[in-house]
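Trainee: Could you pick a single part of this model and take me through it closely? I'd like to see how its details build into one picture.

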Amino acid sequence: MPKSPVKVLLILLVLALSALVIDSVFTLIIRPQALLEMQIAAEAGQPAPRTWSVLLKDMEQEICIILFVWAIGIFGVKAWENRFQSSLLDRNYIPRDDDEMITPARAAVYYQSLQTLESATEREAVLPQMLITSLNHFNGTKDIGSAASVAHQVSELKADHMDAELSMARYIAWAIPSIGFIGTVRGIGEAMSRAGEALEGDITGVTEALGVAFNSTLVALLLSIILMLCMHALQMGQDRLIQRCNDYCNRYLLSHLATQD
């Protein structure tokens, strides 16, 4: 699991690469192909075909796709983190012997063991932090209820932190349909400015402008639907991770705490 500065750089790198690659694809492939298809249709006296290149050729669609790929990159980083944290559930941070009771003195030993984990990333993950906080609190207070309470508080704080890290992805999910609507407004405005041509019998300009309007909305809404599906899947994974960490603490730590040998 990357540390926060590395994670930020990784997310920014995904944005830069997606913008570079997608702009190159649009410049070298999509727009030339769309112009060729529209030119052939115009020479034949037919409306522009509804091909993928024509649907995607405008700048609003390009921006939407760049943002979409960026959001998918953010989801990829978060999914990588969740997979790493899920792998920690298989570690024997504390013995899994059902007959062993954890007294305050033994809790201090387990606490020191967790504090000396070589990887700071592992030590700051959800499960180790829950165990470290609960063991330290139990060693100091000898109160089982209080130890259980602080463990669950840590899990809630971690869940809130993980959820807050999706704020940029949520903004992108909101921005993509908005950019699509901007394309719609631009296309309708251009169509209105060419209304005179339509009255004279030439509706080519009006139809092309309306194509911009509806194509941008169509692409933006399709990308938004896919993005929201991915976001909900990731949130379900995060919620499942928190629940599994709580189950681990309840089963292997909290149910074995004892104030006396």
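**A loop and the helices around it**

Mentor: Happy to! Let's begin at Lys142, which is partly exposed at a relative accessible area of 47%; buried means under 20% relative accessible area, exposed over 50%, and partly exposed in between, with a 1.4 Å probe and protein chains only. Before going on, keep in mind that this is a predicted model, where local features need pLDDT of at least 70, side-chain atom pairs count only at pLDDT 80 or more, and totals for chains, interfaces and linings use all residues. Residues are numbered from 1 along each chain as its sequence is written, and side-chain values use heavy atoms, with hydrogens and water left out.

Lys142 sits in the loop between H6 and H7. Its phi is near 60 degrees, a positive value in a residue other than glycine. As background, most residues other than glycine have a negative phi, and most peptide bonds are trans.

Helices here are DSSP runs of H or I with at least four residues, strands are runs of E with at least two, and both are numbered from the N terminus. H6 covers residues 126–141 and H7 covers residues 144–164; they pack at an angle of about 155 degrees with their axes 8 Å apart. The axes are lines fitted to C-alpha atoms, for helices over the stretch in contact, and the angles run from 0 to 180 degrees between N-to-C directions. H6 and H7 are therefore roughly antiparallel; that label applies over 145 degrees, while under 35 is roughly parallel, 65 to 115 roughly perpendicular and the rest oblique. Their crossing is right-handed, meaning that the near helix is turned clockwise from the far one by less than a right angle, with anticlockwise giving a left-handed crossing.

Which residues form the contact of H6 with H7? A contact means heavy atoms within 4.5 Å. On the H6 side, the residues include Met130, Thr133, His137 and Phe138, and among their partners in H7 are Ile144, Val150, Val154 and Lys158. By class, the contact of H6 with H7 has nine nonpolar, seven polar and one charged residues. In this scheme Ala, Val, Leu, Ile, Met, Phe, Trp, Tyr, Cys and Pro count as nonpolar, Asp, Glu, Lys and Arg as charged, and the others, Gly among them, as polar.

His152 lies in H7 and is partly exposed, at 27% relative accessibility. Not counting residues up to four places away in sequence, His152 touches Asn246, Asn250 and Leu254. The C-alpha atoms of His152 and Ile242 are 9.7 Å apart, although 90 residues separate the two along the chain.

H6 has another partner in H4, residues 104–115, and these two pack at an angle of about 145 degrees with their axes 8 Å apart. The crossing of H4 and H6 is left-handed. Pro104, Ala108, Tyr111 and Leu114 are among the H4 residues in this contact, and Leu131, Ile132, Leu135 and Phe138 are among those of H6. By class, the contact of H4 with H6 has eleven nonpolar, three polar and no charged residues.

Zoom in on Tyr111 in H4: it is buried, with a relative accessible area of 17%. Leaving aside neighbours within four places in sequence, Tyr111 is in contact with Ile132, Leu135 and Asn136.

Pro95 is partly exposed, with a relative accessible area of 33%. It touches Glu100, Tyr110 and Tyr252, again not counting residues up to four places away in sequence. From Pro95 to Tyr110, 15 residues along the chain, the C-alpha atoms are 9.4 Å apart.

Finally, the setting. The chain has ten helices and zero strands, and 42% of its 261 residues count as buried. Among contacts between residues at least 6 apart in sequence, 79% join residues at least 24 apart; the contacts of His152 with Asn246, Asn250 and Leu254 are one place to look at in the viewer.
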